[in-house]
Amino acid sequence: MTFDAMAFSATDHAMMAQALRLAERGAYTTKPNPMVGCVIAHGDEVVGEGWHAIAGGPHAEVVALQAAGDRARGATVYVTLEPCAHTGRTGPCADALIAAGVGRVIAAMRDPFPQVDGAGFERLRAAGIVVGHGLMAAAARRLNHGFLSRIERRRPWVRVKLAMSLDGRTALANGDSKWISGEASRRDVMRWRARAGALLTGAGTVLADDPQLTVRFDDDTPFVPPLRVVLDPGLATVGRGHVRAGDASTLYFHAPDAKPPRMFDAAHAAVGMRDGLLDLDAVLQALAAREINEVQVEAGATLAGALLRAGLVDEVLLYVAPILLGAEARPLFDGLRIDDMAQRLHLRTVETRHLGDDLRLLLRPEREA
């Protein structure tokens, strides 16, 4: 039995909203797995809830079932993603729900992962459990846009982080950019870094700034350190220490003819060249193959512009500081070559937030029709 096309009740919406809030608690720790939350209820009464906390650990449904105990029998299960039907590092959640004797399962969305992709729903229906999905699906997709991008597009979700002055500049002409944004903005960046699977920069930024590209919290918030990725065609930056210091791993992408120096022990991979730059499509495909869901780009105008020009930027995380740097300072994006207003790029504002004196904008590129 199914009720995919039926209207969901106010209680159903409230329970799924709670499941989505639970799922988000795994933002820094579940990668490369999707974030999933689960609520088990009898009507308005919640008897169990849980979320997927870490890859290899119990899934949200199992945690919620353990909390519910015998009260799971006949209950409604609200889960943000289709229960899995395969054995990976854990057993199938669909089987656990069947064994618990739940009455119905409402999922926000189907899981496009090939080993699931409807199989979980079919297994539940075959056991006589009422199944519905599509409740708050848009919110569920936003929550896991990185995982879905990797599965459906074979590349990670790409977020470009930039800080600029009111006159649209990211650094002085000599490259000095410390600090455009304030302390509150820099703390906020760490939260975005923590949810990324990889932090990507270019050789120019490494040579100019020698960045650490690490997550640094003031508290003991748990997180999985993101992979640090350097695009360096000639491997000119391998002697710079900060980007390879600490516990996080570092990966260099370089041109096919670049020769790693002797005793070079960092991970590296060759990709082809396109228009004088590393093939950015190939870089992203290689990162997807490494199960990277989200890439946060922290680089200069050349790489940021190349990604935007190639249509590979999914969102821009922009911190605007109330300062002026002047006409000679460096721009946000280089190489766009917009000569006519019909060629302009439109950025849709998704979110705005004040952080100290700064304004944070979350933007999604959209070309004019």
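A crossing is left-handed if the near helix is turned anticlockwise from the far one by less than a right angle, and right-handed if clockwise. In this predicted model, α3 passes α4 in a right-handed crossing, while α2 passes α3 in a left-handed one. Local features need pLDDT of at least 70 in this predicted model, side-chain atom pairs count only at pLDDT 80 or more, and totals for chains, interfaces and linings use all residues. Residues are numbered from 1 along each chain as its sequence is written, and side-chain values use heavy atoms, with hydrogens and water left out.

**Helix packing**

- Helices are DSSP runs (H or I, at least four residues), as are strands (E, at least two), numbered from the N terminus.
- Axes are lines fitted to C-alpha atoms, for helices over the stretch in contact, and angles run from 0 to 180 degrees between N-to-C directions.
- Helix α2 (residues 60-68) packs on helix α3 (residues 93-100) at about 20°, with axes 9 Å apart.
- That angle makes α2 roughly parallel to α3 (under 35 degrees; over 145 is roughly antiparallel, 65 to 115 roughly perpendicular, the rest oblique).
- Glu61, Val62 and Leu65 of α2 meet Cys93, Ala96, Leu97 and Ala100 of α3; contact means heavy atoms within 4.5 Å.
- These contact residues of α2 and α3 comprise six nonpolar, no polar and one charged.
- Ala, Val, Leu, Ile, Met, Phe, Trp, Tyr, Cys and Pro count as nonpolar, Asp, Glu, Lys and Arg as charged, and the others, Gly among them, as polar.
- The axes of α3 and helix α4 (residues 119-126) come within 9 Å and cross at roughly 20°.
- That makes α3 roughly parallel to α4 as well.
- Here Ala94, Asp95, Leu97 and Ile98 of α3 touch Gly120, Arg123 and Leu124 of α4.
- The α3 and α4 contact residues divide into four nonpolar, one polar and two charged.

**Nonpolar cores**

- A nonpolar core is a set of buried Ala, Val, Leu, Ile, Met, Phe, Trp, Tyr and Cys residues joined through side-chain atoms within 4.5 Å.
- Buried means under 20% relative accessible area, exposed over 50%, partly exposed in between (1.4 Å probe, protein chains only).
- The largest core has 49 residues, and Met16, Ile40, Val102 and Val105 touch the most other members.
- Helix α1 (residues 10-24) gives the most to this core, with six residues.
- Another core lies apart from it, with 36 residues, including Leu231 and Leu278.

**Arg155**

- Arg155 sits in the loop between α6 (145-153) and β6 (157-164).
- Arg155 counts as buried, at 9% relative accessibility.
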